[in-house]
Each structure stands twice: as structure tokens, then as C-alpha cells.
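Hi there,

Here is the structure I promised to pass on. Have a look at it first, and then read my notes below.

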Amino acid sequence: MDDLQLNPLYEKVIDDLMEQQYSVIDDFFTKEEVLALRTALLAKYDEDRFKKSAIGNQSNEKIIDAIRGDFILWLDEEHALGAESCFFAKLNDFQDYLNRTCYMGINEKEFHYALYPEGTFYKRHLDTFQNDSRRKLSMVCYLNSEDWLPEYGGELTIYLNEDGSEKAIDIYPVQGRVVIFESQVLEHEVKPVKRERLSITGWLKTRG
């Protein structure tokens, strides 16, 4: 494996993906990095830079509130500064590690801030398109307040198929928590939120 030094955090993600097709990590980013990203998200939301989210890819976008209710702002890696620059630096390190250890061929990424107002949700779906299968890993980092409680809702529900029967896994959006899962395999949804829910969401992609 060349002179690559094993990274225990990344190895846990890889082991989880191989075993159960998803991974939940609470220390992928430092607390300081998470708080800086939260501050950046809120500042840009206050500047009215977010837009209503849509379903489908760019060739077939539709805004349907009955399916999805969040507001998003796409991140530009090339012009990223501060917290966002640190975010992409860590992602690039993770991507390089995956490619060198698992030969995944990931060479693109797309990420956006997401804010779910109270009462919104995202119905069950798969993170891939009929005319675009480049998304390989979905990734979300939660930027909520530290006191997020189960009664606030907003959990990510992942649906697993185990021995022919379906199993639902609920993952609460605790501040700093990162969830990574296979984009083309696991259907999932965001349950209705009872207070504002913040995250960075995106995908690691292959060229085609």
C-alpha cells in the first residue's frame, strides 16, 4: 500500500461501509471546525444567499414541497475560504485515502449547506439519478446546536435490507456527527423537524 500510513478514523468508515453500507462518526471534524462551519452557514443564510431546494438533477429539476422542504447553498471548492477551505481539505484527504486503499476512483465532489425550517422534511429517496450514476458515497455533517434532542425530530432514517426484510435505522442530527453511506444502495429520508436543522450535505463521485 505504498507508504500510506493507516488512518484509524478512515479505516472505521471503510469497515462500516463494507459491513453495513453506512457509517456514523462523531469526531470526523473537530468541534472548532464544526462551529466555524455553523457560523459560516448562518451568516450566508442571513445574507439571503440560499435557494429553495429541488429534486432531480440539473437537467430535470423540480421544486416540490410535498417531497422536500430544505433551503440550500452550493459550496465552491475553488473559491472556498476559512472554515469551508478546511472542510474541503479534509474531504480531499479522505478521498485520496479511499482511492489509495479501496481503489474507488473518486475524482469529483459536490456539497451544499442545507437548512430545514421547522416543519419541513425530505421524503424517502435514493441519492442517484436514472441518467447519472456518478454519486458513490453520500455524506452529511450536522451543524445543529449542541442541545439537539430526539423530540426535535429531523432524524435521518436509513432503510436496510437484511435477509429479505427491511430494517429502519434512525440517526439523530447531533452537532458534529457525520454520516456516510452508499448513494446507489440505501434509500433514506429526513423526518419532519421541529426546530431549524443545519448541515452540510454532498456526494463523492466518480467521473462516469
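The protein chain has 3 helices and 11 strands. Keep in mind that this is a predicted model. If you walk along the sequence, the elements come in the pattern α-β-α-β-β-α-β-β-β-β-β-β-β-β.

**The chain as a whole**

A compact globule of 208 residues would have a radius of gyration near 17 Å, and the protein chain has 17 Å, so the two agree. Along its principal axes, the C-alpha trace spans about 50 × 45 × 40 Å. Buried residues make up 47% of the 208. The accessible surface comes to about 10,900 Å², and carbon and sulfur atoms account for 47% of that area. Take the contacts with a separation of 6 or more: 77% of them are between residues 24 or more positions apart.

**The sheet of 7 strands**

In what order do the strands of the 7-stranded open sheet come? The order is β1-β9-β6-β11-β4-β3-β2, and the pairing is antiparallel. β1 (22-25) and β2 (51-52) stand at the edges with a single partner strand each, so one side of each has no neighbour in the sheet. At the β1 end, 4 bridges join β1 to β9, and these two strands run antiparallel. Look for Ile25, which stands opposite Val178 in β9.

Helices lie against this sheet too. α3 packs on it and touches β4, β6, β9 and β11, with a direction that makes about 140 degrees with that of β4. α1 lies across β1, β6 and β9, and runs at about 145 degrees to β1.

**Helix α3**

α3 covers residues 82-102, which is 21 residues. From its first C-alpha to its last it reaches 30 Å, close to the 30 Å expected at 1.5 Å a residue. Which residues of α3 are buried? They are Ala83, Glu84, Phe87, Phe88, Leu91, Phe94, Gln95, Tyr97, Leu98 and Thr101. When you look at the spacing in that list, remember that an α-helix has 3.6 residues a turn, so residues three or four places apart point the same way. The cover over these buried residues includes α1 (8-20) and α2 (31-46), along with the strands β4 (106-116), β6 (135-142), β9 (178-182) and β11 (197-206).

Another open sheet has 4 strands in the order β5-β10-β7-β8, and its pairing is antiparallel. Its edge strands are β5 (122-125) and β8 (165-171), each of which pairs on one side only. On average, neighbouring strands here are turned by 20 degrees against each other, ignoring direction.

On one side, β7 and β8 pair in the antiparallel sense over 7 bridges. Leu156 has Ile171 of β8 as its bridge partner, and Tyr159 stands opposite Ala168 in β8. These two strands form a hairpin with 2 residues between them, and Asp163 in the turn has a positive phi of about 55 degrees. β7 also pairs with β10 (residues 187-190), again in the antiparallel sense, over 4 bridges. There, Thr157 has Glu189 as its bridge partner.

Is β7 mostly covered or mostly open? Mostly covered: 5 of its 7 residues are buried.

Definitions and conventions. Residues numbered from 1 in each chain as written. Predicted model: local features only at pLDDT ≥ 70, side-chain atom pairs only at ≥ 80, totals over all residues. Heavy atoms only, no water. Expected span 1.5 Å × (residues − 1). Buried < 20%, exposed > 50% of the residue type's maximum accessible area, 1.4 Å probe, protein only. Contact = heavy atoms within 4.5 Å. Pairing = 2+ DSSP bridges. Axes fitted to C-alpha atoms, helices over the stretch in contact; angles between N-to-C directions. Rg over C-alpha atoms; globule rule 2.2 N^0.38 Å. Areas by Shrake-Rupley, 256 points an atom, 1.4 Å probe, with all protein chains shown as cover.
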